[in-house]
Amino acid sequence: AAQRADYMIANSNHIKSEIKEFYNRDSIVIHPPVDIERFKKGKAGTKEGFVTAARQVPQKKLDIIVKACTQLDKQLTVIGRGPEHENLKTIAGKNVIFKGHVADEEMPDLFASAEAFLFASYEDFGVTPVEAMATGTPVIAYNNGGAKDYVIPGTTGEFFNDQSVESLKSTIKNFDPDKYDAGKIAKFARGFSSDNFKNQIESFVNEKLNS
């Protein structure tokens, strides 16, 4: 079936390389749409602590984030619920706040008020970190998968190289939130907007139909 498709679109450069490796097909990268308009309205008070948001399942590796922040005594806000919720609460220190599900209008402010968004999972792309970036907040991400398309070390965030507590702790220890420009991060995130996605899809389809 992979060989019968006329064209292939990948949602990240990571997936583009996977398509080439497993299907031996070329593809074009068009990143998925992110609701930039919603998140750019996020308002920060004093930026303090870290934030993460995801469905609480093992593959999201939230345990790495919770353990790292607990051991470093760093404030962490955890948004979301799932099967791992009670286990995460068990391993968390007093510095970790579990918000559960939050209202749509609250999420942008929570992202905007953090020093950084923490992202430990291995994803094809990963929309939530870009939502955080739309509020001007940098991202600390696992150095693999789709995150490599939007985390620019020293500009939009930082990487940690191993999916482990110690690797994340090392990056957090060296993280300086004052060196990031919220305006530049938010501007970069606009490249992933829904309008941009629509324009790229239309352009690609029209180009192929007219060729």
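Ser167 sits in helix H7, which spans residues 165-173; helices here are DSSP runs of H or I with at least four residues, strands are E runs of at least two, and both are numbered from the N terminus. With a relative accessibility of 13%, Ser167 counts as buried, a word that stands for under 20% relative accessible area, while exposed is over 50% and partly exposed lies in between (1.4 Å probe, protein chains only). Beyond its neighbours within four places in sequence, Ser167 is in contact with Phe160, Asn161 and Asp162, where contact means heavy atoms within 4.5 Å.

A word on the model before going on. This is a predicted model, in which local features need pLDDT of at least 70 and side-chain atom pairs count only at pLDDT 80 or more, while totals for chains, interfaces and linings use all residues. Residues are numbered from 1 along each chain as its sequence is written, and side-chain values use heavy atoms, leaving out hydrogens and water.

Now to helix H6. Six of its eight residues are buried, so H6 is largely enclosed by the rest of the structure. Those buried residues are Pro129, Val130, Glu131, Ala132, Met133 and Ala134. They pack against H2, H5, strand E6 (116-119), strand E7 (139-142) and helix H8 (182-189). After H6 comes Gly136, with a positive phi near 95°.

How do H6 and H8 meet, and at what angle do they pack? The angle is about 135°, and the axes are 7 Å apart; axes are lines fitted to C-alpha atoms, for helices over the stretch in contact, and angles run from 0 to 180 degrees between N-to-C directions. H6 and H8 are therefore oblique to each other, since under 35 degrees counts as roughly parallel, over 145 as roughly antiparallel, 65 to 115 as roughly perpendicular and the rest as oblique. On the H6 side, Val130, Met133 and Ala134 meet Ile185, Ala186, Phe188 and Ala189 of H8. By class, that contact has seven nonpolar, no polar and no charged residues. Here Ala, Val, Leu, Ile, Met, Phe, Trp, Tyr, Cys and Pro are nonpolar, Asp, Glu, Lys and Arg are charged, and the others, Gly among them, are polar.

Together with helix H2 (36-39) and helix H5 (107-112), helix H6 (127-134) gives two or more residues to the lining of the largest pocket. Of the 13 lining residues, Ala53, Ala54, Ile79, Met107 and Thr128 lie nearest its centre. On a 1 Å grid over the protein atoms alone, a pocket is an open set of points with protein on both sides within 12 Å along at least five of seven lines, a cavity is a set where a 1.4 Å probe fits but cannot get out, and lining residues have an atom within 4 Å of a point. Grid points are joined across faces, edges and corners, and a volume is the space filled by probe spheres set on them.

| Space | Volume | Lining by class |
|---|---|---|
| Largest pocket | about 160 Å³ | seven nonpolar, four polar, two charged |
| Largest cavity | about 40 Å³ | seven nonpolar, two polar, one charged |

There is one cavity of 30 Å³ or more. Strand E3 (50-53), helix H3 (62-72) and E6 each supply at least two residues of the largest cavity's lining. Among the lining residues are Lys60, Leu62 and Phe119.

Lys61 belongs to the loop between E3 and H3. Its phi is positive, near 55°, in a residue other than glycine, and Lys61 is partly exposed at 30% relative accessible area.
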